[in-house]
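Reader: I would like to go through the terms used for this structure and see what each one rests on.
Author: Ask about them one at a time.

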Amino acid sequence: MEQAATFISTSKGSAKRKLYGNISVGVSGFAALVIVSIVVVIITTVIIGGYKNFTWEFLTQDPTEGMTAGGIFPAILGTVIMTMLMSVMAVPLGTVTAIYLSEYAKPDSKFARTIRFAVNTLASIPSIVFGLFGLGFFVQFVGKGMDDVFTPGTLVWGQPNILWASMTMGLLTLPVVIVSVEEAIRTVPREVRDASLALGATRLQTIRKIVIPGSLSGILTGMILAISRGAGEVAPILFTGAAFFLPQIPHALTSQFMHLGYHIYVLSTQSANVDKTIPLQYTTTMVLLLLTFTLNISAVILRSRLRNKLK
Amino acid sequence: METMEIQKNQEAGTPEIKTVMRSAPRSAVLHYETKVSTRDLNLFYGTKQALKDVSLDIPVKQVTAFIGPSGCGKSTYLRTLNRMNDTIPGCTITGEVKFDGIDIYDPKLDVVELRKRVGMVFQKSNPFPKSIWENVAYGPKILGEKNKTTLNEIVEKSLRRAAIWEETKDRLHHSALGFSGGQQQRLCIARALATNPEVILMDEPASALDPISTAKIEELIFELKKEYTIIIVTHNMQQAARVSDITAFFYIGELIEVGETRDMFTNPKKKQTEDYITGRFG
Amino acid sequence: MPQMPSERSPLTLGKKIRFFEWLIESGIRALSFFSFAAIILIFIFVFKEASPIFFGKSEAEKTAAKDSLASVINSQSKSVPDTSTVHEKIEKVIKGKGALKGTDVLVKVDEKGNRKKVTTNGGKVEQEEYDPFADDTKPSDTVKKAEKKPAAIKELPKKTPAVIGLSAKEKKDSIQKANARIAQAIKDSIERAQADALTSAKDKAEADSIAAKEKRDAQESKSGTNLGKMLIGNTWQPVSTVPKFGMLPLIIGTLKVTLISLLFGAPLAILAALFTSMFAPKWLREIVKPVIELLAGFPSVVIGFFALIVMASVFQDFFHYEFRLNSLVGGIAMSFAIIPIIYTISEDALTAVPQALKDASTALGASKWQTAFKVVLPAAIPGVFAAIILGFGRAFGETMIALMATGNAPLTSANILEPVRTFAATIGAEMAEVVFGDQHYNVLFLIGSMLFIFTFTLNSVVEFYVRKKLMRRIQGL
Ligand SMILES: Nc1ncnc2c1ncn2[C@@H]1O[C@H](COP(=O)(O)OP(=O)(O)OP(=O)(O)O)[C@@H](O)[C@H]1O
Ligand SMILES: [Mg+2]
């Protein structure tokens, strides 16, 4: 025992040493194997449980028979509309912040450090707190305020809706956008920037004509990652706009909307007939996984291309 | 030494280089009109001093060559002249740099206006990831030129002057990144010429070029001298001797010696200069 | 052609005014400040809604409560015992106490005898949106409240206090606003609802006395002396005749789930990080790394679903314990969410250890595993520590997995095989049903503020302490 612990073992301990080596490789390899199998098991279970219902009709039809049959079209549509609205808010704002951080801010300035810290904090706040914020700020403060001003006495904006949900989600995905756009901007070589400046271009002209075109793929990656995150998060929209079933698809910013993730949650925990809808739950989960995977994988590919460009 | 160069140039098919040598002015430095002057310039990267008390006058419409061992601050000095060091975090500068008598580090100076007048060719070629045409037209567009035919003219003229027209005329709309390093460097020269600056800073413009292109660039420099003030950094003593009127020798951040090229190369005043020129160190 | 140099005006001092550039650059600067502003806003608004607990209610909040009452009436529950999901229901009823009441809002029975419950969101949805089955069920299917409520009370005695509690609370609220016309209407309907629900005179009397008692309680709680007692107690029963907001069960539940997830996830993730950064051949690393990172892309609702539908049953069949959903299932499901976080950060920290250090160790004759455990791991400890802290923060605030896989009963037991309820899950489960602006609502926001402050602190620790230490360690070595 003692010997094995010493840094350089003697030849006597070499058998022991080999054993320890094998054990450590074995144990750590086993840990990796466990994690990989978790991923594989989840994916296969969801596919096995869900592929039978995975039909064109399922994707394009409304739910019927009190959500125990039919498709999930409104949930898919709701998710798409919500993530689009969310991107409209998060992508420009995130891009602008990333541009500021990488192009304007001096790396060690207080301002830049504050913003960086804020971005990290934003990324670590639990998503349910975003939900509370959405309720307290967008619904209760902004929405109610708007109602008091424009339509006193009636509730128009002062209740959960797709706009408030999207904005809440936009806030949640903001750091995702900022980080990936900043990473992309950094792949635009300094020399190219210098060349533009030396030609008498202003900083803004350089950003507009050199930096942004050069980091488009990063902006796209950020957008994709944000969408994937927004499609998968449920907690922030629990009380800012998601609904279990709606007779119509969202037709205005003040409508509530159905959401894939929320649909899974409600079907599997809230509906009276959990067992009957289990196949639907599996397939809905499969659709959600498929959606986020496609998005994530395309982001990974885009990103690795970007990183190769950097090398 | 001179014969050797002429031989080389004849091989490359550019006998004009001879003229460069012959026409080099023989008057003393003091007799030139000054375009850019620096006084007691000190530059620090963080706490590391990269330039120490550099005082130097750059004559108008002449070619000034900077020579010196690697890391002695030639590029750094060059970048102080168009304030490109501004973009380096932690870089501080003291002293005075005057362009046409205007202090370019005056807070009231518009640095963009300065850079429009001071073109730069970087040590490492840095074309934009755009087409050849876009690269050359970038500067004029920034200056407000919108007319397509004018832009086409500028692009052609600049590419011709930079001796790269023949190679690029059929591929004007191809990405610049698809060209060789030497071609890219000439493209960068063309890009710098397209804005018609008053001073052109060239940081080892020929380091990645073959002898023919080098000769063409040298020819171009001689041509440009009629209109522009040119500063060129080079590690090639022969090149400095061939193209420049004035030579400045830097050593570890200090300006050791400056004088007419002919005098510097035939009769250096300082021991370090002599050692460097004759290749004993560096 | 651009002017020749000689034709151009000479360089002069004086900045050119570029108004649009200035405008846009100011815009960029201002907008980039948004992230910081967002943090402040989040703090202010989450805390603002929690503040009445400390400072009493403001006028605005009273109005908010009034506004939302109308919709609460819509959500008068018609609780029907639900036997279709036996496991779920048993767990919820057993030891579920009042808090579980929250989820069932609308229950209907259609012609096939299938009962459906629907949770509405925030209790503020309009009637037609409330009625999800309007399309496929006939009006006659709708079961009248008066018929069903007593049944619910009989069959599910544990739920009764909740029903009464809700009504009483609303009554209290409506009494407070009796002079307002809207409130009057609301009150009427509440009383109607109560009349339906509380068929026995005894119940009615009880409700009245409770309402009076509640009023006293509410007044007392404002004095602040009750505040500490109220929040530290060991019963979480927000929806009952006398709401109890003792957070002890929630603290215990959250810690149980978080610690289980860390104990299970952190060693796995760190060992796997060691494996891919030190031992694995390149081809294997190229497979393992992306697969683990793929786990980070799993929406938490998918993990929650997997735990709820598959894992919980498998575990129960295997270990034969009483409650299908419990802190063990929840904790392990939670670890799936934190494994990729801990793995990625640890891996970064491990690969950031300078190659020279590894070489030096190998040169001294140390084997690969000795280098890994005695040189690389110690050098990367701050990074691994940061990874664990961030994983902890994530598990602490994770909602959907906790909501779906822990059983959601606010118990104070140490047994990991009993259901628990975490802070985040409490907000997720109960916020949709609370009366806006009442004490329960404020307490949920208080929990939100706590989550915020907690993760903020963890993040600051990582940012200022661990990162600095990591840098120093790598540079110093
Ligand atoms: N951005 C920078 N930050 C810190 N130090 C720098 C920076 N750029 C240059 N230096 C340092 O300043 C000194 C002068 O560098 P400079 O690039 O001016 O040398 P040079 O004479 O151009 O060399 P070369 O002939 O190799 O191009 C060198 O010691 C270099 O390490
Ligand atoms: Mg240099």
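Reader: Why does Ile17(C) count as exposed?
Author: Exposed means over 50% relative accessible area, buried under 20%, and partly exposed in between (1.4 Å probe, protein chains only). Ile17(C) has 78% relative accessibility, so the residue counts as exposed. This is a predicted model, in which local features need pLDDT of at least 70, side-chain atom pairs count only at pLDDT 80 or more, and totals for chains, interfaces and linings use all residues. Residues are numbered from 1 along each chain as its sequence is written, chains are lettered from A and ligands numbered from 1 in the order written, and side-chain values use heavy atoms, without hydrogens and water.

Reader: How many residues does each chain give to the contact?
Author: With contact defined as heavy atoms within 4.5 Å, chain B gives 26 residues and chain C gives 16.

Reader: What is the buried area between chain B and chain C?
Author: Buried area is the accessible area (1.4 Å probe) that two parts lose on being put together, summed over both. For chain B and chain C that is about 1900 Å², with 57% of it on carbon and sulfur atoms. In chain B, Asp110(B), Arg117(B) and Asn196(B) lose the most area to chain C, together 29% of what that side buries.
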